[in-house]
Amino acid sequence: MFEDFIDALQNFRRNKTRTLLSLLGVIIGVASVIVITSMGTSSTQQIKDTFGSSGLDVVSISSGFMRRRRNAVSINFDESFREKLFQNVKNIKQIWYKNSLSATLSFGETSSTVNCAAVETGYLEMYGKELEYGRFINVTDDQEGCQKIILGHTIAQALFPAGDGEGKMILLTSNNISFAFEVIGVLVENSSGMEATDNAAYIPRGFYSKKIEPNPNAATVMVQATSPQKATELVDVLESYCENLTGTSYSVSVMSMQTMIEQMNSITRTMSVMLSAIAAISLLVGGIGIMNIMIVTVTERRQEIGIRKALGASPFDIRRQFLVESASITLIGGLAGIFLGIIISLAIEFVRSLTYIVNWPACIIAFVFSVFVGIFFGLNPAARAAKLDPVLALAGE
């Protein structure tokens, strides 16, 4: 077989133009598959980087649009609901309540409108947030409703360009009512993930429920699962639980960043498979071209085939010779296609400023498929060569 491979390379060298044209379909097909799958993998990684790694185990519950049934009851996010969740739903690690408000923060002549969140102790730590300086909201701040505030990086820079915000008093205005708050911390810059903090501010929920909105009910419930994998299961469980509890379809909206990422990954994979399948058609077209070229080659080399048979070569030997030659074309084309595909993908990802990830399984599959195409479309010409009568082959061209 090695000798057949060497003979194939020599035949390729004698017919360079024909060989190049035969290779083009394979090279383009394999390169297209590599480019598409690598871009899909890189895009998937970008999605993960955008969302971040923290908060993947968190499921949020908020009020949804309702399609009421008879005897349906509304659901209140109060302490009773928290207790019921712990008692009736498995795989829950912790539950936090949260309220949101739009507020204007002022310090001296500078003011900024922010999304302010009233949160419980441990909420920011649960999301893996870090402090540039200062401290987080503690139990005393929350239970006593202290007027303490944590600022996002961008807000802190706007109000305190010198970076000396800790301990300063700022004015928080919401619904034309102003409250004085002491800055106790500034968060490290973070503009990605489910809980982007750069343009946000955080106050104790205890203060919110006592002074801003005297109501113990939360607007959003953040449920931390025991693991990111359990968060996906928890979404369906919480939806069913709330529906059974209220007798109302869509009484709540349940979301998980882990579920969102998995859905987007699924969409990306599906699109990559579809586009790769389309690109693989060029491999089949290239295979048809190879079959045509091999049929022409068999016709041109009739006398060579006749001589080999006259010297004792079996039909199996002749068939193997032409199959090896056909497979060699796609093998070389597959390797060249992988190399070209990686180069093109690198160029595209460089222009798009993305992290480049080679989809090696796709490279292997595309390469193996290209060789299979060569063997499959080489079967007919090889069979024709093996069936040639040596006398007739030697007698005429």
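The legends below describe close-up views of a predicted model. Residues are numbered from 1 along each chain as its sequence is written. Local features need pLDDT of at least 70 and side-chain atom pairs count only at pLDDT 80 or more, while totals for chains, interfaces and linings use all residues; side-chain values use heavy atoms, with hydrogens and water left out.

View 1. Helices (H or I, at least four residues) and strands (E, at least two) are DSSP runs, numbered from the N terminus. Of the 397 residues, 45% count as buried, where buried means under 20% relative accessible area (1.4 Å probe, protein chains only). Among contacts with a separation of 6 or more, 79% are between residues 24 or more positions apart; contact means heavy atoms within 4.5 Å.

**View 2. Helix α10 (residues 302-310) against helix α11 (residues 315-352).** The two helices pack at an angle of about 140 degrees, and their axes are 10 Å apart. Axes are lines fitted to C-alpha atoms, for helices over the stretch in contact, and angles run from 0 to 180 degrees between N-to-C directions. On the α10 side, Glu304, Ile305, Arg308 and Lys309 take part, and they meet Asp317, Ile318, Gln321 and Phe322 of α11. These residues divide into 3 nonpolar, 1 polar and 4 charged. Here Ala, Val, Leu, Ile, Met, Phe, Trp, Tyr, Cys and Pro count as nonpolar, Asp, Glu, Lys and Arg as charged, and the others, Gly among them, as polar.

**View 3. The largest nonpolar core, of 26 residues.** A nonpolar core is a set of buried Ala, Val, Leu, Ile, Met, Phe, Trp, Tyr and Cys residues joined through side-chain atoms within 4.5 Å. Val30, Ile34, Ile305 and Phe322 have the most contacts inside this core. At least two of its residues come from each of α2 (16-51), α9 (257-300), α11 and α12 (360-387). Apart from this core lies another, of 24 residues, including Val114, Ile170, Leu172 and Ile203.

**View 4. Isoleucine 61 in strand β1 (residues 58-63).** Isoleucine 61 has 0% relative accessibility and therefore counts as buried. Leaving aside residues up to four places away in sequence, isoleucine 61 touches Phe77, Leu85, Ala219, Thr220, Val221, Val223, Leu238, Val252 and Ser253. Cysteine 242 is 181 residues away along the chain, yet its C-alpha atom is 9.7 Å from that of isoleucine 61.

**View 5. Helix α7 (residues 205-212) and its cover.** Arg205, Gly206, Phe207, Tyr208 and Ile212 are buried in α7. The elements covering these residues include β2 (92-107), β3 (110-119), α5 (139-143), β7 (177-187) and β8 (200-204).

Terms used. Buried means under 20% relative accessible area, exposed over 50%, partly exposed in between (1.4 Å probe, protein chains only).
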